[in-house]
Amino acid sequence: MTTDPAAVRDEAVEVWDGRLRLHVKVAGDGPPLLYFHPLSGLAWNPLLSQLAMRHTVYAPEHPGTSPGDPHAISQVQTFWELLLVYEELTRALGLDRPVAVGQSFGGMVAADLAASFPRLFGKLVLLSPPGLWRDDAPIPLMAMVAGPPEDMPKYLFAHPDSEAAQAAMALPADPALIPKAIAQGAWNLGCTTKFAWPIADHGLDRRLHRIGVPTLIVWGREDALVPVAYAEEFGSRIAGSQVEVIDDCGHVHQADQPERTWTAISKFLDG
């Protein structure tokens, strides 16, 4: 399932006392849903198209990752400021308790927003977020980001050589666009890991109990970046949450197990 690119519009929203102009991709029709993207930046994928079949999806680009506005990241100095920026954005968009879906780094952001502003969202879906730390289950974020690019797929996918994994990591078909795409990808990682390096731990474990909305936590059993042990950690700290562990699945659920991932999310959203 795909969404016609022409149907995905871009909205620019001023926040942070006019110092930031955030770009938000919007598509679909129905109740509002906020999507927070992973470390690599926002890429419109089939999961977002599926969500847009039943919701109006708002997918903000992390400050600095929007092409043409790389220095926006300099306006956000701390993780707490990042949370305030997104809280302001939610209000500026006029969204009343939207569903929030956060993937990986975006899941950490969504979880902390839900803990810091308990009435901001109506439901919460977390897809393998970092944000906690256990010495017996280290998260090799630094090794992935600082390592050679060819090693990245082994952290993200249960089957790095699969067609789906290769498609997710594919560079532009036009050779002339490849250097720009590589540079943009590297810059995106720099903008997001500003708040996750070297350990993505901002004390979220001390705030998760404040989340009081229905929450679904989805994890891949073979996740090599954020080990599956953290699924139970999040589940035990968020009262009443549901935990769905998907077999034969790595960190990028919609690439390894798209049907099982969509089934889990859609059943939860149907409520």
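## Helix α10 and its end

The model is a predicted one, in which local features need pLDDT of at least 70 and side-chain atom pairs count only at pLDDT 80 or more, whereas totals for chains, interfaces and linings use all residues. Residues are numbered from 1 along each chain as its sequence is written, and side-chain values use heavy atoms, with hydrogens and water left out.

The 13 residues of α10 (residues 258-270) should span 18 Å at 1.5 Å a residue, which agrees with the 18 Å between its end C-alpha atoms; the expected span is 1.5 Å times one less than the number of residues. Among the buried residues of α10 are Trp262, Ile265 and Phe268, where buried means under 20% relative accessible area, exposed over 50% and partly exposed in between (1.4 Å probe, protein chains only).

## Nonpolar cores

The largest nonpolar core has 65 residues, and Phe36, Val109 and Phe234 are among those with the most contacts inside it; such a core is a set of buried Ala, Val, Leu, Ile, Met, Phe, Trp, Tyr and Cys residues joined through side-chain atoms within 4.5 Å. Helix α3 (residues 105-116) gives the most to this core, with eight residues. Apart from it lies another core, of 22 residues, which includes Trp262 and Ile265.

## Leu132

Leu132 sits in the loop between β6 (123-127) and α4 (141-146), and counts as buried because its relative accessibility is 5%. Beyond four places in sequence, its contacts (heavy atoms within 4.5 Å) include Leu204, Leu208 and Phe234.

Definitions and conventions
Helix = DSSP H or I, 4+ residues; strand = E, 2+ residues; numbered from the N terminus.
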